[in-house]
Amino acid sequence: MTAEATHQPIASIVIPAHNEAAVIARTLSSLLADSAEGEFQIIVVCNGCSDRTFEISSEFANRGVRTVSIETPSKIAALNAGDALANVMPRIYMDADIRMTAASVRKLVATLDSGALAAAPRPWLDMDGCSTLVRSYFKVWSRLGHVSRGLGSGVYALSAEGRARFAEFPDVIADDYFVYCLVNGDERVSPADAVSVVEQPRTVKDLAMRRLRVEKGNSELRAQGMSAVSGGAGLVDVVKADPRLLPNALLYAGIHAWARQRVSRMSAAEVGWQRDQSTRTGGVTSDG
């Protein structure tokens, strides 16, 4: 059931989208399904697209979605372009392949209204079609402390004070980690009843491609002296709590060690987008 119309948007939502024709309609439909007319200012920034992302997103114009296009295939350029068009606070930044309801968006806004500078939903892992090895990896990942802090959710929200911590997004790979380095610790809250659905890579190869980008982005910021406090359980804590997860932890550690070692010899340009394509094609896959 759609909520009653509002007179003023309660938040701006900026969605950078690079060749997301397979998922952008699903993302927008999830947001709008139970939202009121005009409740959110939604801006989709198609960047360097060669598919129908712009056309598909533009079909939601009658629901108040504004779709713009820039030539540069850059998430950071898209975030800054969207920010320049947005005029409502708080500001929410959302990956184009994430599913989140209006109810969860409202929870993030309420969290910021209560004094937090940043908020993020808890990621709900969509493992449909994932291989056994990928499922083993995420049995560990899902128990780590950063999950309860909203990292890996594909969404983060900033109050006006939180957004004032920086001018424009800098040219970095990990925009979410950059924000969490600036808005740290207790200033950042992840309400348990705000959830984003995040599809996970189908195969270990796809998982490794995603991990390369994450590791490069994090190492890029660490080299600049930036770090974020995640808190909560670490890898050793997870195994202590459930020794049966030792094989899973070894797989987890091995993938991360491989990615760190490989990206140490790669430039940011070489890492490129390095996103897994399996979540954009569907189907059950196998590592064997």
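1. Contacts across the chain. In this predicted model, residues 24 or more positions apart supply 82% of the contacts that have a separation of 6 or more. The chain has 288 residues, and 51% of them count as buried. Its accessible surface is about 12,800 Å², with 53% of that area belonging to carbon and sulfur atoms. The secondary structure consists of 12 helices and nine strands.

2. Ile76 in helix 3. Ile76 is a residue of helix 3. Its relative accessible area is 8%, and Ile76 is therefore buried, the limit being under 20%. Leaving aside residues up to four places away in sequence, Ile76 touches Phe169, Pro170, Asp171, Val172 and Asp175. For one of these, Val172, the C-alpha atom lies 7.3 Å from that of Ile76, although the two residues are 96 apart in sequence.

3. Glu199 in strand 9. Strand 9 covers residues 195–199 and contains Glu199. This residue is buried, with a relative accessible area of 8%. The C-alpha atoms of Glu199 and Asp126 are 4.6 Å apart in space, while the residues are 73 apart in sequence.

4. Helix 9. This helix runs over residues 204–222. The buried residues of helix 9 are Asp206, Leu207, Ala208, Arg211, Leu212, Arg213, Glu215, Lys216, Gly217, Asn218, Glu220 and Leu221.

5. Met209. Met209 also belongs to helix 9. With a relative accessible area of 21%, Met209 is classed as partly exposed, because buried requires a value under 20%. Its C-alpha atom is separated by 8.6 Å from that of Ala259, a residue 50 positions away along the chain.

6. Helix 5 against helix 9. Two packed helices are described by the angle between their axes and the distance between the axes. Helix 5 (residues 132–141) and helix 9 have axes that come within 8 Å and cross at roughly 45°. That angle makes helix 5 oblique to helix 9. Leu133, Val134, Tyr137 and Phe138 of helix 5 form the contact with Val204, Leu207 and Arg211 of helix 9. By class, the residues of this contact are six nonpolar, no polar and one charged. An α-helix has 3.6 residues a turn, so residues three or four places apart point the same way.

7. Helix 5 against helix 11. Helix 11 covers residues 246–263, and its axis is 8 Å from that of helix 5, at an angle of about 95°. The two helices are therefore roughly perpendicular to each other. On the helix 5 side the contact involves Leu133, Ser136, Tyr137, Lys139, Val140 and Trp141. On the helix 11 side, these meet Asn248, Ala249, Leu251, Tyr252, Ile255 and His256. The contact of helix 5 with helix 11 comprises eight nonpolar, three polar and one charged residues. Leu133 and Tyr137 take part in the contact with helix 9 and also in that with helix 11.

8. Helix 4. Helix 4 comprises residues 102–113. At 1.5 Å a residue, its 12 residues should span 16 Å; the end C-alpha atoms are 16 Å apart, which agrees. Ala102, Ser104, Val105, Leu108, Val109, Thr111 and Leu112 are its buried residues. After helix 4 comes Gly115, whose phi is positive, near 120°.

9. The loop between strand 1 and helix 1. Which backbone feature does Asn19 have in phi? Its phi is positive, near 50°, in a residue other than glycine. Asn19 is located in the loop between strand 1 and helix 1 and is partly exposed, at 22% relative accessible area. Ala22 lies in the loop between strand 1 (11–17) and helix 1 (24–32) as well. At 57% relative accessibility, Ala22 counts as exposed, since the limit for that class is over 50%.

10. A cis peptide bond. Met89 and Pro90 are joined by a cis peptide bond, with omega about 5°. Pro90 is placed in the loop between helix 3 (75–85) and strand 4 (91–94).

Methods: Residues are numbered from 1 along each chain as its sequence is written. This is a predicted model: local features need pLDDT of at least 70, side-chain atom pairs count only at pLDDT 80 or more; totals for chains, interfaces and linings use all residues. Side-chain values use heavy atoms; hydrogens and water are left out. Helices (H or I, at least four residues) and strands (E, at least two) are DSSP runs, numbered from the N terminus. Buried means under 20% relative accessible area, exposed over 50%, partly exposed in between (1.4 Å probe, protein chains only). Contact means heavy atoms within 4.5 Å. Accessible areas come from the Shrake-Rupley method with a 1.4 Å probe; for residues, only the protein chains shown count as cover. The expected span of a helix is 1.5 Å times one less than its number of residues. Axes are lines fitted to C-alpha atoms, for helices over the stretch in contact, and angles run from 0 to 180 degrees between N-to-C directions. Angles under 35 degrees count as roughly parallel, over 145 as roughly antiparallel, 65 to 115 as roughly perpendicular and the rest as oblique. Ala, Val, Leu, Ile, Met, Phe, Trp, Tyr, Cys and Pro count as nonpolar, Asp, Glu, Lys and Arg as charged, and the others, Gly among them, as polar.
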